[in-house]
Amino acid sequence: MIGDKDLVYGFANAKEYIHHGGFANDVPNVKESIVLNDVGHFLHQEKPEVVNAHILVFFNNFLV
């Protein structure tokens, strides 16, 4: 999970790495990459409800 206004997301080739397979190759079990709109580096402080909702969805994948 990253914010679209995070400086790291704006680094050269970062978006291509995340969205075009580089990240998935380096982290083989990754299910998805989430980019939050209008958010910088501190996701949990800027949009806590949205971050918590994504975390709950992630955890719910492990319920039996």
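I began at Pro-48, which lies in helix α4. Helices here are DSSP runs of H or I with at least four residues, strands are runs of E with at least two, and both are numbered from the N terminus. The model is predicted, so I noted that local features need pLDDT of at least 70, side-chain atom pairs count only at pLDDT 80 or more, and totals for chains, interfaces and linings use all residues. Residues are numbered from 1 along each chain as its sequence is written, and side-chain values use heavy atoms, without hydrogens and water.

**Pro-48**

Pro-48 is partly exposed, at 29% relative accessible area. The scale is buried under 20%, exposed over 50% and partly exposed in between, with a 1.4 Å probe and protein chains only. I then took its distance to Gly-3: 45 residues apart in sequence, 12 Å in space, C-alpha to C-alpha.

**Overall layout**

I counted 4 helices and 2 strands. Along the sequence they run β-α-α-β-α-α. The C-alpha atoms fill a box of roughly 40 × 30 × 10 Å along the principal axes. Of the 64 residues, 20% count as buried. I also checked contacts (heavy atoms within 4.5 Å). Among those between residues at least 6 apart in sequence, 50% join residues at least 24 apart.

**Largest pocket**

I read off a volume of about 390 Å³ for the largest pocket. A pocket is an open set of points on a 1 Å grid over the protein atoms alone, where a 1.4 Å probe fits, with protein on both sides within 12 Å along at least five of seven lines; lining residues have an atom within 4 Å of a point. Grid points are joined across faces, edges and corners, and the volume is the space filled by probe spheres set on the points. There are 16 lining residues, and Met-1, Glu-32, Ser-33, Ile-34 and Phe-58 are the closest to the centre. Helix α4 (residues 48-60) gives the most to the lining, with 4 residues. I sorted the lining into 10 nonpolar, 4 polar and 2 charged residues. Nonpolar covers Ala, Val, Leu, Ile, Met, Phe, Trp, Tyr, Cys and Pro; charged covers Asp, Glu, Lys and Arg; the others, Gly among them, are polar.

**Aromatic rings**

I found 3 aromatic pairs. Rings of Phe, Tyr and Trp (its six-membered ring) pair if their centres lie within 6.5 Å; planes under 30 degrees apart are stacked, over 60 edge-to-face, the rest tilted. Tyr-17 and Phe-23 are edge-to-face, at 6.0 Å centre to centre and 75° between the planes. Tyr-17 is partly exposed at 36%, and Phe-23 is partly exposed at 28%. Phe-58 and Phe-62 have centres 5.1 Å apart and planes at 70°, so this pair is edge-to-face. Phe-58 is partly exposed at 46%, whereas Phe-62 is exposed at 57%. Phe-58, Phe-59 and Phe-62 form one aromatic cluster.

**Core and Val-39**

I listed the largest nonpolar core: Ile-34, Leu-36, Val-39, Leu-43 and Val-51. Such a core is a set of buried Ala, Val, Leu, Ile, Met, Phe, Trp, Tyr and Cys residues joined through side-chain atoms within 4.5 Å. Leaving out residues up to four places away in sequence, Val-39 touches Gly-3, Asp-4, Lys-5, Asp-6, Glu-46 and Lys-47.

**Positive phi**

I checked Asn-13: phi is about 70°, positive although Asn-13 is not a glycine. Asn-13 sits in the loop between β1 (2-3) and α1 (14-19) and is exposed at 56%. Asp-38 has a positive phi near 60°, in the loop between β2 (35-36) and α3 (43-46).
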